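The structure comes first, and the notes follow.

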Amino acid sequence: MSILDLTGVALDNTVEPTVMKAGEEEKLRVMNMIEGTDKNNVRYIMPFFESVNNFYCKEFGDYLPLPHEGMGPKDLNKAKLRIADFFSAFGIDASKPIDIEADVKGKEGYAIVGIGKDKDDQPVNKINKYVKGR
């Protein structure tokens with residue numbers, strides 16, 4: 001006997017997940033942020049976002065490499081700016097240690113989105129630019 005009871009649940013009125021239009025400024029909410037090390041042994045953070053206004057858009061992330069030894073001055077500056085722009089756009093105080101649950105999850109901010117491909121070669125949104133001061 002199954003404990004799964006879908007009696008009365010309409011499964012035929014679902015909507016396929018979509019992507020937001022490229023080049024548009026969108027209000028986003030941070031759903032989560034992970035820390036890790038990539039295949040080149042570079043530490044990174046990766047915030048994951050959802051659209052505040054479009055419930056059917058796929059969630060997506062943004063890979064942000066952390067500054068490290070071995071980065072040239074141009075890449076170092078680019079990494080620092082990108083992280084600072086993310087924190088500024090979402091009102092995250094980077095002057096103190098960051099608690100992901102308390103300081104990041106649920107924060108809302110704005111970004112110009114683009115369209116890229118996910119690991120399955122399907123369209124997914126990406127961050128083109130964080131919008132600060134909104």
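A pocket here is an open set of grid points, on a 1 Å grid over the protein atoms alone, with protein on both sides within 12 Å along at least five of seven lines. Its volume is the space filled by probe spheres set on the points. The model discussed is a predicted one.

The largest pocket has a volume of about 250 Å³. Its lining consists of M46, F48, E59, F60, G61, G116, K117, D118, K119, V124, N125 and K126. Two or more of these residues come from each of β2, β3 (60-61), β5 and β6. Strand β6 provides the largest share, 3 residues.

The second largest pocket has a volume of about 210 Å³. Here the lining is made up of D62, Y63, P65, M71, G72, D75, K78, A79 and R82. Helix α1 (residues 73-89) gives the most to this lining, with 4 residues.

By class, the lining of the largest pocket has 4 nonpolar, 3 polar and 5 charged residues. For the second largest pocket, the classes are 4 nonpolar, 1 polar and 4 charged residues.

**Salt bridges**

The whole structure holds 7 salt bridges. Three of them are listed below.

| E108 | K27 | 3.3 Å |

The salt bridge between E108 and K27 has its closest N and O atoms 3.3 Å apart. E108 lies in strand β5 and K27 in strand β1, so this pair ties together parts that are 81 residues apart in sequence. E108 is partly exposed, at 33% relative accessibility, and K27 is partly exposed as well, at 25%.

With E50 in strand β2 and R29 in strand β1, the pair joins parts that are 21 residues apart in sequence. R29 counts as partly exposed, at 23% relative accessibility.

**A buried charge without a partner**

E26 is located in strand β1. Where is the nearest side chain of opposite charge to E26? That side chain is K21, 9.0 Å away. A salt bridge needs a side-chain nitrogen of Lys or Arg within 4 Å of a carboxyl oxygen of Asp or Glu. E26 is buried and has no salt bridge. Apart from its neighbours within four places in sequence, E26 is in contact with M20, S51, G109, Y110, A111 and V113.

**Positive phi angles**

N41 is not a glycine, yet its phi is positive, at about 65°. N41 sits in the loop between β1 (25-37) and β2 (43-51). Its relative accessible area is 64%, so N41 is exposed.

D121, also a residue other than glycine, has a positive phi near 65°. D121 is found in the loop between β5 (108-117) and β6 (123-131). With a relative accessible area of 52%, D121 is exposed.

Methods:
Residues are numbered from 1 along each chain as its sequence is written. This is a predicted model: local features need pLDDT of at least 70, side-chain atom pairs count only at pLDDT 80 or more; totals for chains, interfaces and linings use all residues. Side-chain values use heavy atoms; hydrogens and water are left out. Buried means under 20% relative accessible area, exposed over 50%, partly exposed in between (1.4 Å probe, protein chains only). Lys and Arg count as positive and Asp and Glu as negative; His and the chain ends are not counted. Contact means heavy atoms within 4.5 Å. On a 1 Å grid over the protein atoms alone, a cavity is a set of points where a 1.4 Å probe fits but cannot get out, and a pocket is an open set with protein on both sides within 12 Å along at least five of seven lines; lining residues have an atom within 4 Å of a point. Ala, Val, Leu, Ile, Met, Phe, Trp, Tyr, Cys and Pro count as nonpolar, Asp, Glu, Lys and Arg as charged, and the others, Gly among them, as polar.
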